[in-house]
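Here is a friendly walk through one protein model, strand by strand. Keep the picture open while you read.

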Amino acid sequence: MPPFSPQDVAATERAAVPATPAAAVDTAPETPDLRPYDALLLYSFGGPNKPEDVVPFLRNVTAGKGIPDSRLEEVGEHYYGFGGKSPINEQNLALKAALEAELARRGIELPVVWGNRNWEPYTDDAITELEALGARNAVALVTSAYSSYSGCRQYREDLAVVLDRRGQLGPEGSTGVQFDKVRSYFNHPGFAQANVDAVLDGYAALVEKGGDTAAARLVFVTHSIPDTMEAASRIAYATYSEQHLDLARVVAAAVSERLGHEVSWDLAYCSRSGPPSQPWLEPDVNDHLEAIAQDGVRDVVLSPIGFVSDHMEVAYDLDTEAVQTATELGMTAVRAGTVGTREPFVRGLVDLLVERAAIARGEAVAEATVGDLPAFRSVCAPGCCLRRDGEPSGVPALCSTDVHS
Ligand SMILES: CC1=C(CCC(=O)O)c2cc3nc(cc4[nH]c(cc5[nH]c(cc1n2)c(C)c5CCC(=O)O)c(CCC(=O)O)c4C)C(CCC(=O)O)=C3C
Ligand SMILES: [Fe+2]
């Protein structure tokens, strides 16, 4: 097989992922209409900027979740190992700048405000900024591509809880700035294409390391979640793991086509926490590397399709831990990038904003997808995606038909 370069990838980029129902979104008008929205909330997880932030940040993340101190100390060490600073904030600022550039390129005037659930600028700061801009109808874009409590409802609950604290939550939802949310975008063609490009770059890096691309195993990685959260995510059309498997099949097929041979692939999980008695999605990526090493696999490309940027879960759990595991097993391992600010991803996000605005105006719109699953809901179903199966959360959540479920 001839070696290839990332330049080849760019040349074939448009053809690699077959989108259904066609890339109709690309035929959007010259200046797309974003009414009724007057602002974009780029809504993320947040992370510490310096060592003194680490413990308060971890307390925010784990408030009310019963995560033992021993686990917090362990996670704290991951951050201290990187100078107490998570890369996530700079990555979100880069994504914000890329979105602003893409909006400007298309002639769309839409201010972008950045906010986080767990660190500054907090959700409350973002709402204050939206108000200062005079925004009345914001569209929220969360930095999580998949639907589950952690990637969808937790953001919607946080909006409701913060509005309530501000005295801006009524029985019908927000009495201040209104919020709609962009659908879970794991199966949007832009996200898929950016992952294909990143994986192909990973294979190019494997070639440079002297690896054997024909024999290499492609291991997709995502954040593990408790089995109960996995079960509760089904209401969004398919469970969290099924969403990943759907995208993984599409990415692997496009990569196989580009490389000219069938790649074999698996899905593994990282960043498990919680007590050992509580089942979480498996296999853990480290255990999985051991298992495939026993089967004779020598070369691995790790693709973190579960994350949108190379934040701490990627920098520690994959680049530090999993790569070390692979090295100890005598494997040649390469970690493919996340979608980050790749052009197909950013363009796809703006396509999604255009799509969401058309839906808000009640217009018929082609919701582009890849894979076998439908486009996920723009307004979540009642009870979507509760943390535990069947248990009412008692916490209100915006952007759903059950405002106060
Ligand atoms: C599905 C998922 C995503 C992906 C979707 C998305 O991207 O949103 C994600 C992202 C992230 N998770 C992050 C950090 C943490 N997650 C934790 C804990 C947990 N995550 C969970 C799930 C997820 N998490 C779960 C089920 C828990 C257990 C407790 C609970 O039920 O909530 C803990 C507590 C300590 C621990 O137990 O590890 C920390 C510190 C960071 C920031 C990284 C940085 O700083 O760069 C990011 C982007
Ligand atoms: Fe949901």
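Predicted model: local features only at pLDDT ≥ 70, side-chain atom pairs only at ≥ 80, totals over all residues.

In strand β3, the bridge partner of L41 is A140. L41 belongs to β1, where it lies on one side together with A39 and Y43. β1 and β3 run parallel and are joined by five bridges.

Now turn to the other neighbour of β1. Strand β1 covers residues 39–44 and pairs with β2, again in the parallel sense and over five bridges. Two pairs of facing residues can be picked out here: L42 is opposite W114 in β2, and S44 is opposite N116 in β2.

How many residues of β1 are buried? Six of its six residues are, which makes the strand mostly covered. The cover is found on both faces: A39, L41 and Y43 are buried on one side, and L40, L42 and S44 are buried on the other.

**The sheet around β1**

Four strands form an open sheet with parallel pairing, in the order β2-β1-β3-β6. At its edges stand β2 (112–116) and β6 (178–181), each of which pairs on one side only. From one strand to the next, the twist averages 30°. Helix α5, made of residues 123–132, packs on this sheet and touches β1, β2 and β3 (137–142). The direction of α5 makes about 160° with that of β2.

**A second sheet**

There is another open sheet to find, with four strands in the order β8-β7-β9-β10 and parallel pairing. Its edges are β8 (264–270) and β10 (332–335); each has a single partner strand, so one side of each is left without a neighbour in the sheet. Neighbouring strands here are turned by 25° against each other on average, with direction ignored.

Look at the pairing of β9 (residues 299–303) with β10: the two strands are parallel and share four bridges. Within this pairing, L302 stands opposite R335 in β10. Two helices pack on the sheet. Helix α7 (residues 189–208) touches β7 (217–223), β9 and β10, and its direction makes about 150° with that of β9. Helix α11 touches β7, β8, β9 and β10, and its direction makes about 170° with that of β10.

| α5 | β1, β2, β3 | about 160° with β2 |

**Zooming in on A333**

A333 sits in strand β10. Is A333 buried or exposed? It has 26 other C-beta atoms within 10 Å, and 20 or more are needed to count as buried, so A333 is buried. Setting aside neighbours within four places in sequence, A333 is in contact with V300, L302, V323, A326 and T327.

**Around ligand 1**

Which residues are closest to ligand 1? They are G47, S86, S273, H311 and M312, out of 25 residues that surround the ligand. The elements that each give two or more residues to this shell are α2 (51–62), α3 (69–80), α6 (149–165) and α11 (312–328). The largest share, three residues, comes from α2. Sorted by class, the shell holds nine nonpolar, 13 polar and three charged residues.

**The whole protein**

Finally, zoom all the way out. The protein has 12 helices and 10 strands. Its radius of gyration is 21 Å, close to the 22 Å that the globule rule gives for 405 residues, so the protein is as compact as a globular protein of that length. Along its principal axes, the C-alpha trace spans about 60 × 55 × 40 Å. Buried residues make up 48% of the 405 residues. Among contacts between residues at least 6 apart in sequence, 80% join residues at least 24 apart.

Methods: Residues numbered from 1 in each chain as written. Chains lettered and ligands numbered in written order. Pairing = 2+ DSSP bridges. Axes fitted to C-alpha atoms, helices over the stretch in contact; angles between N-to-C directions. Contact = placed C-beta atoms within 7 Å. Rg over C-alpha atoms; globule rule 2.2 N^0.38 Å. Buried ≥ 20, exposed ≤ 12 C-beta atoms within 10 Å, placed from the backbone. Near = placed C-beta within 6 Å. Nonpolar A, V, L, I, M, F, W, Y, C, P; charged D, E, K, R; others polar.
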